[in-house]
Amino acid sequence: MKLLVDGGATKADWIALDENGDRLFTTQTQGLSPEVISREEAIERLKERFDIYNNRNDVSDLYFYGAGCGTDRMKVFMTAIFQEFFPNAKITVKEDTYAAAYATNPTNEKAIICILGTGSNCSYFDGTILHQKVQSLGYVAMDDCSGNRFGRDLIRAYYFNKMPKDLAAKFEKEYNIDPDVIKNNLYKESNPNAYLATFAKFLIQNKDDAFIKEIISGAMEVFVDNYITQYDNAHEVSVHFVGSIAFYLKAELAEILSKNNLKLGNVLRRPIDGLIEYHKLN
């Protein structure tokens, strides 16, 4: 049995394949980003899923494409956890951008691959290897144009009284914006980045509001400037995207990229289905 995992900060999608590449089961766990969870939390999240736990000894190969796995230290950390939990499996851990590259670009053409979900990332894919010019420092310092960054922007706009009153009233009805609740989630609960990203739903639902439009366009321009155009051939190759933010704001993304003379490629909400086809071919 092979397990393919697209591991985001909020959730991780799992697909089990038999030796012929046919799907055995699909499931989902809570996020498994090593930047924000401990070994104990990761093990507990694996144990919570009966289908994963019950088949742990039958797994021969596990391919984990994970948020926060861009450094050797994090890869080693996650490999050790999976090797303990799946004792008979060969473990392969790569950063989540590889999943995005394989799913959006199955012909392995040169392209820029971006992730806009709970977090954000951007790499250049030369057809074989991913190259990064910007090393991520996590959600506190980076993650431009991500769900957690949009959540932060909305909370700040509300508390600095910059949000229009009608929009603020809707925001109050949608979320518990008590300062103690927010601070508890940010500083005492696990996965504060995922908590912040829950506010991005409000942004997407109200994306036609002038105030929200300004937040979206501004964040996308920053992402283009800080990430995409750092690559010398950015204007010569397609720019592919994976993630809920990119998927639900595809029209806005297309407009910003066109304005910057960039070519929008494929936009997928989740790369997991594309990964199946990739692994069948490889």
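This report describes the overall build, the sheets, the packed helices and the nonpolar cores of one protein model.

**Overall build**

The model is predicted, not determined by experiment. The protein comprises 13 helices and ten strands. Its radius of gyration is 19 Å, close to the 19 Å that the globule rule gives for 282 residues, and the protein is therefore as compact as a globular protein of that length. Along the principal axes, the C-alpha atoms fill a box of roughly 55 × 45 × 30 Å. Of the 282 residues, 52% count as buried. The protein exposes about 13,600 Å², and carbon and sulfur atoms supply 47% of that area. Among contacts between residues at least 6 apart in sequence, 65% join residues at least 24 apart.

Strands of a sheet pair through backbone hydrogen bonds, in either a parallel or an antiparallel manner. Strand β1 runs antiparallel to β2, and six bridges join the two. A hairpin of three residues connects β1 to β2. Within this pairing, L3 has A16 of β2 as its bridge partner.

Strand β2 also runs antiparallel to β3, here with seven bridges. L17 stands opposite R23 in β3, and D13 has Q28 of β3 as its bridge partner. The hairpin formed by β2 and β3 has five residues between the strands, and G21 in the turn has a positive phi of about 85°. Six of the seven residues of β2 are buried, so this strand is largely enclosed by the rest of the structure.

| Strand pair | Residues of the partner of β2 | Bridges and sense |
|---|---|---|
| β1 and β2 | β1: residues 2-7 | six bridges, antiparallel |
| β2 and β3 | β3: residues 23-30 | seven bridges, antiparallel |

**The five-stranded sheet**

Five strands form an open sheet with mixed pairing, in the order β8-β7-β6-β9-β10. Its edge strands are β8 (130-131) and β10 (263-268), each of which pairs on one side only. Strand β6, residues 111-116, pairs with strand β9, residues 238-242, in the parallel sense over five bridges. In this pairing, I112 stands opposite V239 of β9.

Two helices lie across strands of this sheet. Helix α4 (residues 96-104) lies across β6, β7, β8, β9 and β10, and runs at about 120° to β6. Helix α12 (residues 250-259) lies across β6, β9 and β10, and runs at about 160° to β10.

How many of the nine residues of α4 are buried? Nine of the nine are, so α4 is largely enclosed by the rest of the structure. The buried residues include D96, Y98, Y102 and T104.

In soluble globular proteins, nonpolar side chains tend to be buried together. The largest nonpolar core of this model has 50 residues, and those with the most contacts inside it are I112, I228 and F241. Helix α10 (residues 210-226) provides the largest share of this core, eight residues. Apart from it lies another core of 25 residues, among them L3, L62, F82 and V93.

The surroundings of F241 bring several parts of the chain together. Leaving aside residues up to four places away in sequence, F241 touches T104, C114, L116, F223, I228, A246, L253, L257, L264, N266, V267 and L268. One of these, T104, is also among the buried residues of α4.

**A buried loop residue**

I177 is found in the loop between α6 (165-174) and α7 (179-187). Is I177 buried or exposed? Its relative accessibility is 15%, so I177 counts as buried. Leaving aside residues up to four places away in sequence, I177 touches Y158, Y159, F171, E172 and I182. I177 and Y158 are 19 residues apart in sequence, and their C-alpha atoms are 9.1 Å apart in space.

Note on methods: Residues numbered from 1 in each chain as written. Predicted model: local features only at pLDDT ≥ 70, side-chain atom pairs only at ≥ 80, totals over all residues. Heavy atoms only, no water. Pairing = 2+ DSSP bridges. Helix = DSSP H or I, 4+ residues; strand = E, 2+ residues; numbered from the N terminus. Contact = heavy atoms within 4.5 Å. Axes fitted to C-alpha atoms, helices over the stretch in contact; angles between N-to-C directions. Rg over C-alpha atoms; globule rule 2.2 N^0.38 Å. Buried < 20%, exposed > 50% of the residue type's maximum accessible area, 1.4 Å probe, protein only. Areas by Shrake-Rupley, 256 points an atom, 1.4 Å probe, with all protein chains shown as cover. Core = buried A, V, L, I, M, F, W, Y, C linked by side-chain atoms within 4.5 Å.
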